[in-house]
Amino acid sequence: MRHTMHFVLYILAAAVAAFTIFLLTAVITDYRPAERVVLQDRSGLSSGAAEALPDSLSILCWNIGYGGLGDDMDFFYDGGTQVRTSRERTLANIDGIIAEIRRHSPDIILLQEVDECSRRTYCINEVEMLQEAFPDYHIYLAYNYKSFFVPIPVKAPMGRVASGVVLMSRIEPEEVYRWQYPSRFPWPVSMFNLKRCLLTATFRLADGGSIVIGNTHNTAYDTGGMRTAEIRWLGGLTARLASEGTPFIIGGDWNQFPPDYIPSAAETDDPHFTTVALDTALLQGTGRIAWDSSARTLRHLNVPYGPESVLTVTDYFYVSDGFSVDSVNVIDLGFRYSDHQPVLLKVTFRQ
């Protein structure tokens with residue numbers, strides 16, 4: 001009996017020690033970005049005098065679901081059962097994503113959920129794949145998800161995650177920043193969850209002025225006012241740009257549906273993932289929403305893609321005065337490569 005008790009105590013002590021080490025490692029490695037971080041060009045292209053951005057632009061925005069959320073997938077966090085797809089399907093998804101981007105050859109590319117050696121994507125470096133596929137583009141990555149080990153789900157943990165938003169451009173920007181949104185999950189959940197951000201790139205115009213192109217990926221699972229805080233902060237930034245006479249375009253996955261969009265009951269009643277209306281009043285009237293009302297951009301991940309899938313709209317652009325929106329179109333790929341559809345915006349800058 002005494003030996004059994006000692007054995008149990010040893011096991012308990014080992015478990016406590018392991019948990020303590022795990023927690024200390026999480027604290028030490030916790031990603032704590034500053035409010036503003038200068039981002040470096042990862043393309044390796046020679047840096048020189050920045051060219052002027054052309055008056056007419058095409059901008060493609062796409063949450064690529066880290067190449068792991070194709071039409072075969074549901075996801076445990078959204079009411080499904082799966083954690084990750086196969087390595088072969090991940091690579092096939094990324095290849096399909098690259099081919100689709102090439103087909104449209106946009107001037108600027110805004111991507112969300114781009115992984116860099118995460119366990120959920122079999123340590124595939126998607127940033128390097130993009131660099132190799134688009135050697136004539138400048139490329140910038142702003143991390144919004146870095147954790148040495150995400151411990152859920154318990155039976156098959158996600159493990160290491162390094163992921164973020166990417167901006168790619170043929171024209172070299174003058175400066176690129178990562179801006180930390182003022183939203184944060186409570187501790188200790190924050191150590192294993194996203195730190196949402198905005199990536200902005202400032203480009204020179206032919207007349208000597210500047211414009212700002214931004215890539216946003218806002219909170220999806222709100223724990224109380226996080227999305228509101230993010231949009232209020234973004235409204236303050238765009239108001240400052242407007243007061244300076246700097247036009248802007250912000251694109252991304254807002255995880256909120258746009259004005260005049262009427263969601264179905266299936267969208268609003270989902271207990272795992274629920275989008276809400278974008279509160280445009282928080283944006284202070286500094287621009288207008290450009291979205292394609294004829295198509296959906298996101299599917300819920302409670303089941304693999306099929307006729308029963310719940311579809312919604314969360315991917316679009318916020319465009320300031322000074323631009324004519326020539327077109328904005330969802331590219332219907334049947335959610336083959338990602339749980340999101342790409343959106344292509346074409347604008348003309350009015351001098």
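## The largest pocket

The largest pocket is lined by 35 residues, and those nearest its centre are F75, Y77, Y145, L194 and Y221. β4 gives the most, with three residues. The volume of the largest pocket is about 600 Å³. By class, its lining holds 20 nonpolar, eight polar and seven charged residues.

Some terms apply here. On a 1 Å grid over the protein atoms alone, a pocket is an open set of points with protein on both sides within 12 Å along at least five of seven lines, a cavity is a set where a 1.4 Å probe fits but cannot get out, and lining residues have an atom within 4 Å of a point. Grid points are joined across faces, edges and corners, and a volume is the space filled by probe spheres set on the points. Ala, Val, Leu, Ile, Met, Phe, Trp, Tyr, Cys and Pro count as nonpolar, Asp, Glu, Lys and Arg as charged, and the others, Gly among them, as polar.

## Model and overall fold

This is a predicted model: local features need pLDDT of at least 70, side-chain atom pairs count only at pLDDT 80 or more, and totals for chains, interfaces and linings use all residues. Residues are numbered from 1 along each chain as its sequence is written, and side-chain values use heavy atoms, with hydrogens and water left out.

The chain has five helices and 17 strands. Helices (H or I, at least four residues) and strands (E, at least two) are DSSP runs, numbered from the N terminus. Of its 351 residues, 54% count as buried. Buried means under 20% relative accessible area, exposed over 50% and partly exposed in between (1.4 Å probe, protein chains only). Among contacts in the chain with a separation of 6 or more, 75% join residues 24 or more positions apart. A contact means heavy atoms within 4.5 Å.

## The second largest pocket and T202

The second largest pocket holds about 160 Å³ of space. Its lining is R36, E175, Y177, W179, T200, T202, V212, L237, R240, L241 and E244. At least two lining residues come from each of β6 (175–180), β7 (197–204) and α4 (226–243). Five of the lining residues are nonpolar, two polar and four charged.

T202 lies in strand β7. At 11% relative accessible area, T202 is buried. Beyond its neighbours within four places in sequence, T202 contacts P173, E174, E175, S210, I211 and V212. P173 is 29 residues from T202 along the chain, yet their C-alpha atoms are separated by 5.5 Å.

## Helix α2

Helix α2 covers residues 87–104, 18 residues in total. At 1.5 Å a residue it should span 26 Å, and its end C-alpha atoms are 26 Å apart, which agrees. The expected span is 1.5 Å times one less than the number of residues.

The buried residues of α2 are R89, T90, N93, I94, G96, I97, I98, E100 and I101. Their cover includes β2 (56–63), β3 (108–115) and α3 (126–133). After α2 comes S105, with a positive phi near 45 degrees.

In α3, E126, V127, M129, L130 and A133 are buried. They cover an arc of only 160 degrees around the axis, so they sit on the same side of α3. The arc is that of the directions from the helix axis to the C-beta atoms.

The model has one cavity of 30 Å³ or more. About 40 Å³ of space lies in the largest cavity. I64, I94, I97, I98, E126 and L130 line it. α2 and α3 are the elements that give two or more residues to this lining. The largest share, three residues, comes from α2. Five residues of the lining are nonpolar, none is polar and one is charged.

## R84 in its loop

R84 lies in the loop between β2 and α2. R84 counts as partly exposed, because its relative accessibility is 28%. Not counting residues up to four places away in sequence, R84 touches M73, R119, R120 and Y122. R84 and L69 are 15 residues apart in sequence, and their C-alpha atoms are 7.8 Å apart in space.
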